[in-house]
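Here is a short briefing on helix packing, strand pairing and backbone geometry. Keep the sequence and the 3D view side by side while reading.

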Amino acid sequence: MGRDRTAPGRLSAVDIRLALVNLYLRLAVKPVLRRLADPGRMRTMLERDAARRFVVPEDAHFVEDLMRRDGPPRQAGMIPAIWASVGRPDRRKVILYLHGGAYLAGSPRTHRHLAAALAGEAGVRAVVPDYRLAPETPFPAAIDDALAAYCHLLTAGYEATEIAVAGDSAGGGLSFALVLALADRDLPLPACVVGFSPWTDMTGTAESLRRNAARDVLLPANRMDDVVAYYLGVQDRAHRLASPALASWPEPPPPTLIMASRSEILRDDAVHMADTLRKAGGDVQLELWRGLPHAWPIFYGRIRQADMAIETAGAFIGRHLGAEPEG
């Protein structure tokens, strides 16, 4: 069995910065997401907010790259990506970071700060692939690209034991779908997995979708069905690679850390994913935090709870990768 840590006392003190972030999300962002019908506008909004509001770690270094994609050509068979690091990392170890954005938005640019912060805490490098988005390229394009990026790392000389997979929100769900796809194909699994507020159940049956609809300061529960339709189309919403929390696993998964907020609508996605992995023989650490917005580590440098979560996740990854940064 894994070890649950709910951390009920971490947020007992009044935190003005957290309160301001929650207020901003509830009053300025959630109403827009509730009304927004154009994925293109959602992408523009996220890119703009990332440039204005997200904090890049000191001494962060970014390099644009291309990762080879097998199958139908995309930009001559390549996936754009950004490598992110801080200081002098262990270059033999890597985090494959899959960004959030409801499978409709987000990019390496919007999440490079989070990938860099996580990589810095782990003492390694991170790579963020620009996987294809719906509705232009719906399911399973994102999974195909994540799988291609992972295989690219193997071809580039990384052993599976030298790779960690991590992601937030849709990217968290994509992380678990990727590991499940690897297991289904009898490919080597990564050293560990980290999911921040992962979206792992697209059936719309999780109780927290209703229980936390008013408490969630960011995600509008009434739009989840629309987002699923954009991504899945006519595909079964219980498909094992769309809803990995509901899937049977052919082999024990890697060690896993899952973090979610008790008040977000995807709270049960995290809990059910942890339960599923444990039933498959996995070692799972589940942390449920109080008072935090969905995918709060994205607010690295803005609220102390984001920094704390990244520190915990980075230490988890560094331990399982056996990272030895150069100093």
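At what angle do helix H4 (residues 141–155) and helix H5 (residues 170–184) pack, and how far apart are their axes? The angle is about 65°, and the axes lie 9 Å apart. The model is predicted.

**Helices H4 and H5**

- H4 and H5 are roughly perpendicular to each other, because angles of 65 to 115 degrees count as such.
- Their crossing is right-handed.
- H4 contributes Ala142, Ile143, Ala146, Leu147 and Tyr150 to the contact. H5 answers with Leu174, Ala177, Leu178, Ala181 and Leu182.
- By class, this contact of H4 with H5 holds 10 nonpolar residues, no polar ones and no charged ones.

**Helices H3 and H9**

- Helix H3 (residues 108–122) and helix H9 (residues 304–321) have axes that come within 7 Å. These axes cross at roughly 55°.
- H3 and H9 are therefore oblique to each other.
- The crossing of H3 past H9 is right-handed.
- On the H3 side, the contact residues are Leu114, Ala117, Leu118, Glu121 and Ala122. On the H9 side, they are Ile310, Glu311, Ala313, Gly314, Ala315, Ile317 and Gly318.
- The contact of H3 with H9 counts eight nonpolar, two polar and two charged residues.

**Strand S5 and its partners**

- Is strand S5 (residues 124–129) largely enclosed or open? Six of its six residues are buried, so S5 is largely enclosed by the rest of the structure.
- Strand S3 (residues 78–86) is joined to S5 by four bridges, and the two run antiparallel. Ile82 stands opposite Val128 of S5.
- Strand S4 (residues 90–98) is also joined to S5 by four bridges, but these two run parallel. Here Leu96 stands opposite Val127 of S5.

**Val128 in S5**

- Val128 belongs to strand S5. With 0% relative accessibility, Val128 counts as buried, because the cut-off is under 20%.
- Which residues does Val128 touch, leaving out those up to four places away in sequence? They are Pro80, Ala81, Ile82, Tyr97, Pro108 and Ala115.
- Val128 and Arg41 are 87 residues apart along the chain. Their C-alpha atoms are separated by 22 Å.

- Most peptide bonds are trans, and most residues other than glycine have a negative phi.
- Pro135 sits in the loop between S5 and H4.
- Pro140 is placed in the loop between S5 and H4.

- Ala102 lies in the loop between S4 and H3. Its relative accessible area is 16%, so Ala102 is buried.
- Ala295 is found in the loop between strand S9 (284–289) and H9. At 6% relative accessibility, Ala295 counts as buried.

How values were computed:
Residues are numbered from 1 along each chain as its sequence is written. This is a predicted model: local features need pLDDT of at least 70, side-chain atom pairs count only at pLDDT 80 or more; totals for chains, interfaces and linings use all residues. Side-chain values use heavy atoms; hydrogens and water are left out. Axes are lines fitted to C-alpha atoms, for helices over the stretch in contact, and angles run from 0 to 180 degrees between N-to-C directions. Angles under 35 degrees count as roughly parallel, over 145 as roughly antiparallel, 65 to 115 as roughly perpendicular and the rest as oblique. A crossing is left-handed if the near helix is turned anticlockwise from the far one by less than a right angle, and right-handed if clockwise. Contact means heavy atoms within 4.5 Å. Ala, Val, Leu, Ile, Met, Phe, Trp, Tyr, Cys and Pro count as nonpolar, Asp, Glu, Lys and Arg as charged, and the others, Gly among them, as polar. Buried means under 20% relative accessible area, exposed over 50%, partly exposed in between (1.4 Å probe, protein chains only). Two strands pair if DSSP finds at least two bridges between them.
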